[in-house]
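User: I would like to go through the labels given to this model and see what each one rests on. Please set each value against its cut-off.

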Amino acid sequence: MKEPVIHETRNEAQRLRFTEDHVMVELADGRILGVPLGFFPLLKAATDEERLNYQLHGLTIYWEDIDDGMDLTALISGLYIEPSEEYLQSLKEIIAARYATTT
């Protein structure tokens, strides 16, 4: 029996769409992953224009405007690393600064 492998081309993102609460990632093999925007605080705080300005790089998606990205292998596998309190605090400060300049 063959060992399971991550098939990179099947898992590549082809396009994204957004709902009020989710980013929907369409993969090359037709699967669609729905991911809560709350998993990505910078993306959740982004404007619609910033969200739509993404770049697809195989198994990653990158938003230059907000300097944030998404790793599809981690999403598909469920790999999650608990963020540190320092990181969470820095995100709060970045998001607060973004809201302060847009209001």
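User: What makes E12, A13 and L72 contacts of G58?

Analyst: Contact means heavy atoms within 4.5 Å. In this predicted model, G58 meets that cut-off with E12, A13 and L72, once neighbours within four places in sequence are left aside. G58 itself sits in the loop between β4 (55-57) and β5. H7 is 51 residues from G58 in sequence, and their C-alpha atoms are 11 Å apart.

User: Why is G58 called partly exposed?

Analyst: The relative accessibility of G58 is 26%. Buried means under 20% and exposed means over 50%, with partly exposed in between.

User: Why does E50 count as buried?

Analyst: E50 has a relative accessibility of 15%. The cut-off for buried is under 20%, and 15% is under that, so E50 is buried. The residue belongs to helix α3, which spans residues 48-52.

User: Which residues does E50 touch, leaving aside its neighbours within four places in sequence?

Analyst: E50 is in contact with W63, D65, I66 and R98. As for E64, 14 residues from E50 along the chain, the C-alpha separation is 8.4 Å.

User: What does R98 touch, not counting residues up to four places away in sequence?

Analyst: R98, a residue of helix α5, has contacts with A45, A46, T47, E50, D65 and I66. The pair of E50 and R98 therefore has heavy atoms within 4.5 Å. Between R98 and E64, 34 residues apart along the chain, the C-alpha distance is 15 Å.

User: What is the phi of D67, and why is D67 called exposed?

Analyst: D67 has a positive phi of about 50° and is not a glycine. Most residues other than glycine have a negative phi. D67 is found in the loop between β5 (60-63) and β6. Its relative accessible area is 56%; exposed means over 50%, so D67 is exposed.

User: How much space lies in the largest pocket, and which residues are closest to its centre?

Analyst: The largest pocket holds about 570 Å³ of space. It is lined by 19 residues, and the closest to its centre are F39, F40, G69, Y80 and I81. A residue counts as lining when an atom of it is within 4 Å of a pocket point, so these five meet that cut-off.

User: Which elements supply at least two residues of that lining?

Analyst: α2 (41-45), β6 (68-71), α4 (72-77) and α5 (85-102) each do. The largest share, 4 residues, comes from β6.

User: How many helices and strands are there, and in what order do the elements run?

Analyst: The chain has 5 helices and 6 strands. Starting at the N terminus, their order is α-β-β-β-α-α-β-β-β-α-α. The C-alpha atoms fill a box of roughly 55 × 30 × 20 Å along the principal axes.

User: What share of the 103 residues is buried, and what share of the accessible surface belongs to carbon and sulfur atoms?

Analyst: Buried residues make up 26% of the 103; since buried means under 20% relative accessible area, that is the share below this cut-off. The accessible surface of the chain is about 7,300 Å², and 54% of it belongs to carbon and sulfur atoms.

User: How far apart are the mean positions of the positive and negative charges?

Analyst: The mean position of the 9 positive charges and that of the 19 negative charges are 8 Å apart.

How values were computed:
Residues numbered from 1 in each chain as written. Predicted model: local features only at pLDDT ≥ 70, side-chain atom pairs only at ≥ 80, totals over all residues. Heavy atoms only, no water. Buried < 20%, exposed > 50% of the residue type's maximum accessible area, 1.4 Å probe, protein only. Areas by Shrake-Rupley, 256 points an atom, 1.4 Å probe, with all protein chains shown as cover. Lys, Arg positive; Asp, Glu negative; His and termini not counted. Charge placed at Lys NZ, Arg CZ, Asp CG, Glu CD. 1 Å grid on protein atoms, 1.4 Å probe; cavity = no way out; pocket = protein on both sides within 12 Å on 5 of 7 lines; lining within 4 Å. Points joined across faces, edges and corners; volume = space filled by probe spheres on them.
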